[in-house]
Amino acid sequence: MTPASFRRIALSLPEAVEGAHMGRADFRVNGKVFATLGWPDKNWGMVKLATELQDALVRAEPEGFKPANGAWGRQGSTMVCLAKANETTLKDAIRSAWRRASAAKPKPRAKKQA
């Protein structure tokens, strides 16, 4: 899997948009991030999964998937080594992350003060 393939899959999902946070590409739906690219370097991505799915992926493909450090990882943020993750598994993981984010309530927009 390449960063370009990861990006293509993420952006193929309905209403998914690419943004950026701290110089890294992120992918959002309803204002919620479901995946990122390029952290800690260009060889990695991240998907926000249900903890049960994260656990299953880490056990099935420990070279391709690992929990992010700290509280983020305990909440389902899952690091993906792009070169080692199975492509079909990663496609399913990105879709699952998108489904979770799309089901969440949209983020309220900040009100402008006059």
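Guide: Helices here are DSSP runs of H or I with at least four residues, and strands are runs of E with at least two, numbered from the N terminus. Keep in mind that this is a predicted model.

Visitor: Good to know! How many helices and strands does the protein have?

Guide: There are four helices and six strands. Starting at the N terminus, the elements follow the pattern α-β-β-β-β-α-β-α-β-α.

Visitor: And what is the radius of gyration of the protein?

Guide: It comes to 14 Å, close to the 13 Å from the globule rule for 114 residues, so the protein is as compact as a globular protein of that length. The C-alpha trace spans about 50 × 25 × 25 Å along the principal axes.

Visitor: Let's talk about the sheet. What is the order of the strands?

Guide: The sheet is open, has six strands and runs β1-β2-β3-β4-β6-β5, with antiparallel pairing. At the edges are β1 (17-21) and β5; each has a single partner strand, so one side of each has no neighbour in the sheet. From one strand to the next, the twist averages 30°.

Visitor: Which helix packs on the sheet, touching β5 and β6?

Guide: That is helix α2, residues 51-60, whose direction makes about 130° with that of β5.

Visitor: I'm curious about β6. Why is it described as largely enclosed by the rest of the structure?

Guide: Because five of the five residues of β6 (residues 77-81) are buried. Buried here means under 20% relative accessible area. Both faces are covered: on one side sit Ser 77, Met 79 and Cys 81, on the other Thr 78 and Val 80, and all are buried.

Visitor: How many bridges join β4 to β6?

Guide: Five, with β4 (residues 44-48) running antiparallel to β6. On the β5 side, residues 65-67 pair with β6 over three bridges, also in the antiparallel sense.

Visitor: Nice. Which residue in β6 is the bridge partner of Met 46?

Guide: Met 79. Met 79 is also the bridge partner of Lys 66.

Visitor: Switching to the inside: which residues touch the most other members of the largest nonpolar core?

Guide: Phe 6, Phe 27, Phe 34, Val 47, Leu 90 and Ile 94, out of 24 residues in that core. The elements giving two or more residues to it are α1 (3-11), β2 (24-29), β3 (32-37) and α4 (87-103). The largest share, six residues, comes from α4.

Visitor: What lies apart from it?

Guide: Another core, of five residues, including Trp 44, Met 46, Met 79 and Cys 81.

Visitor: Last one, for the whole protein: what share of the residues count as buried?

Guide: 39% of the 114 residues. The protein exposes about 7200 Å², of which carbon and sulfur atoms supply 53%. As for contacts with a separation of 6 or more, 52% are between residues 24 or more positions apart.

How values were computed
Residues numbered from 1 in each chain as written. Predicted model: local features only at pLDDT ≥ 70, side-chain atom pairs only at ≥ 80, totals over all residues. Heavy atoms only, no water. Buried < 20%, exposed > 50% of the residue type's maximum accessible area, 1.4 Å probe, protein only. Pairing = 2+ DSSP bridges. Core = buried A, V, L, I, M, F, W, Y, C linked by side-chain atoms within 4.5 Å. Axes fitted to C-alpha atoms, helices over the stretch in contact; angles between N-to-C directions. Contact = heavy atoms within 4.5 Å. Rg over C-alpha atoms; globule rule 2.2 N^0.38 Å. Areas by Shrake-Rupley, 256 points an atom, 1.4 Å probe, with all protein chains shown as cover.
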